[in-house]
Amino acid sequence: MLNAKSASTPLPAGYYATKNTEPVDADLRSHFQTVIGSLLYLMLGTRPNIAFAVTHLSRHAANPSQDHLNKALYICRYLIGTSMYSLVYNGGSGAGLIACMDSDWGSDPTSRLSQTGFYLKLADGLISWTSRAQKTIAYSSTEAEYMALSDCTRQVTWIRSLLGELSYKLKAIPICSDNQGSIFMASNPVTEPRSKHIDIHYHGIHESVAKGNVELFFIDGAENPADLLTKNLPREKFAKFRAQIGLQFPSGSI
Amino acid sequence: MKSDGRKKARLVAKGFSQVEGLDFDQVFSPVVRFETVRLMLALAALENWYITGLDVRSAYLYGKLDEEIYMEQPEGFAVPGQERKVLCLWRALYGLKQAGLAWWRTLDESLKELRFERLKSEAGIFFYKKKGTNIVIGIIYVDNALFCGPNKAVVDAIKAQFMSKWECRDLGEPNEFLRM
C-alpha cells in the first residue's frame, strides 16, 4: 500500500456508491469495516477533505461489495499522496468565525436522500465540519438547502454559546449559502404551499436570524467550498476548495 | 508499547464480572469534542496565546469510588497465608466499568478547587478567570490536558498547581494533542 500510486482526489468525480445486492461476504465486510473505521477516525481529526467520501461509503458497511472496498482503498491512495498536508490556523490572518454550507438534493441514487455539508472556519482554518445524508426526503432543492442551513445554524449557535461562556461578545456570524430560496425562507417567516410541510424544528433558524446570532450571505455555487462536503468533485475544483478550507502543504517550516 | 518505545504493564480489574446496579450505576464520562479542541487551537493562534500540555500518570487510579467493590487477590501476588481473603477497593482500577467516571469526578472537583469553572456548553473546557489576572483555559481529554492563555507566567503557575495534585508528565509546548 505504501508504494501505491497516489490519487489526486478521495474518490472519482461524480462517483456514487450503489447498493450491493449480493449476499453478505463476512470476510469482505470485516475488511471493509476496518478500513472505513480508520478513515472515519482520520476524517474526524484533521481530514475534512475526505469527509464526504468516507461517510458516503460508510453507509454500505453492513453489506459492502468488492467495488466499495476498492473505493475505500482509493481514499487511502489519496491520503498517501497528501499525508504531509495539515490544517493550518493562521493567527496573523485575524479571520473571525465564518460558516459555509451546501446541500446536494436527492443525490443518493438508492434512497434519494439529500446530502448536507457545512463547516465553520476560524483563523482561516476549519474547526468544525459535517457531511451527512439528511434523515428525511426533501421535496425540493430549496428544502434540502434549508435543512442543511438549519443544521449549520445549530452548530454555529453552539459555538457561539461556548465562546460566550469564555466572555467573547460576538456579532452575527456569517453563514454562506449558494441558494437564494432558502435564505429567503430563513429571513422571512412565510408559509408557502411548497414549504409548509417542512418540519417545525427547522424553523428555529428564524429565531437565530432574528436575534442577530447569524447573518446569511449568498455566494456563487461554483465558488462554494462547502461543495467539497456534499459530492465528489473533479480534481481542479477539489484542490481549490481544499486550499480554501486551510488544508495546506507545509511550507518552509519542515 | 507506546509510540516513544516505553513499555507498559498494569494491574487491571475484571470489569466484565461487575453487576449493573450493584457494582456500578453510571459509566458515562464526558470528554472534550475534537471540534472544541480545534476551536481552542484556532483561538489561541488568533490571540497569540501560550499553550502547554501534560498527561496524568495512571490517572484512573486516582478515581474515588462511590460503590463498595471487592476484588480477588491478583494471581501470583496473594498475601502468603491469607490467600483466601479478598481486597476492598478504595480507588478505581483500570478495567472497572466506572473507572473513567470516577476519575473524571475527582478531576472535576480538583479543578473546582483551583477555581476553574466548567463550561455548560462543553464539559471538557475549564475556564479560569479571576479579577486582576489573565485568563487560563483548560482543555481536558481524560488524562490529557492542555492549558492556554495570554500570559505564560499565569498559565505555568496554574499548571504547576495542577501538577502538584497528581503525578504528571510535562509535555511542554505540544506538537500534537490526541494524535491530531
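Helix H2 of chain A passes helix H3 of chain A in a left-handed crossing, a crossing being left-handed if the near helix is turned anticlockwise from the far one by less than a right angle, and right-handed if clockwise. Helices (H or I, at least four residues) and strands (E, at least two) are DSSP runs, numbered from the N terminus. H2(A) covers residues 51-58 and packs against H3(A) at an angle of about 160°, with the two axes 11 Å apart. Axes here are lines fitted to C-alpha atoms, for helices over the stretch in contact, and angles run from 0 to 180 degrees between N-to-C directions. H2(A) and H3(A) are therefore roughly antiparallel to each other; angles under 35 degrees count as roughly parallel, over 145 as roughly antiparallel, 65 to 115 as roughly perpendicular and the rest as oblique. On the H2(A) side the contact is made by Ala53(A), Val54(A) and Leu57(A), and on the H3(A) side by His68(A), Lys71(A), Ala72(A) and Ile75(A). Two residues are in contact if their C-beta atoms, placed from the backbone, lie within 7 Å. By class, the residues of this contact are five nonpolar, one polar and one charged. Ala, Val, Leu, Ile, Met, Phe, Trp, Tyr, Cys and Pro count as nonpolar, Asp, Glu, Lys and Arg as charged, and the others, Gly among them, as polar.

The model is predicted: local features need pLDDT of at least 70, side-chain atom pairs count only at pLDDT 80 or more, and totals for chains, interfaces and linings use all residues. Residues are numbered from 1 along each chain as its sequence is written, while chains are lettered from A and ligands numbered from 1 in the order in which they are written.

H3(A) also packs against helix H1 of chain A. The axes of H1(A) (residues 26-45) and H3(A) (residues 66-81) come within 10 Å and cross at roughly 30°, which makes H1(A) roughly parallel to H3(A). This crossing, too, is left-handed. H1(A) contributes Leu28(A), His31(A), Phe32(A), Val35(A), Ile36(A), Leu39(A) and Leu42(A), while H3(A) contributes Gln66(A), His68(A), Leu69(A), Ala72(A), Leu73(A), Ile75(A) and Leu79(A). Of the residues in the contact of H1(A) with H3(A), 11 are nonpolar, three are polar and none is charged.

The domain assignment of chain A, which is automatic or taken from a database, gives domain 1 (26-83) and domain 2 (87-248). Eight residues from domain 1 of chain A and 16 residues from domain 2 of chain A form the contact between them. The domain 1 side of that contact has four nonpolar, three polar and one charged residues. The C-alpha centres of the two domains lie 24 Å apart.

Chain A also holds an open sheet of five strands in the order E4-E3-E2-E5-E6, with mixed pairing; two strands pair if DSSP finds at least two bridges between them. Strands E4 (125-133) and E6 (214-218) of chain A stand at the edges with a single partner strand each, so one side of each is left without a neighbour in the sheet. From one strand to the next the twist averages 20°. Strand E2 (residues 98-104) of chain A runs antiparallel to strand E3 (residues 115-122) of chain A, and seven bridges join them. One bridge pairs Asp104(A) with Gln115(A) in E3(A). Helix H4 (residues 141-165) of chain A lies across E2, E3, E4, E5 (173-177) and E6 of chain A, at about 30° to E3(A).

In chain B, six strands form an open sheet with antiparallel pairing, in the order E4-E5-E6-E7-E1-E8. The edges are strand E4 (116-118) and strand E8 (168-172) of chain B; each has a single partner strand, so one side of each is left without a neighbour in the sheet. The average twist from one strand to the next is 25°. Helix H3 (residues 152-165) of chain B packs on this sheet, touching E1 (50-56), E5, E6 (136-141), E7 (144-149) and E8 of chain B, and its direction makes about 5° with that of E1(B). E1(B) is joined to E7(B) by six bridges in an antiparallel arrangement, with Asp55(B) opposite Asn144(B) in E7(B). E1(B) also pairs with E8(B) in the antiparallel sense over four bridges, where Gly53(B) has Gly172(B) as its bridge partner.

Finally, the two chains meet through 19 residues of chain B and 18 residues of chain A. Helix H1 (residues 34-47) of chain B gives the most to the chain B side, with 10 residues. That side comprises 11 nonpolar, three polar and five charged residues.
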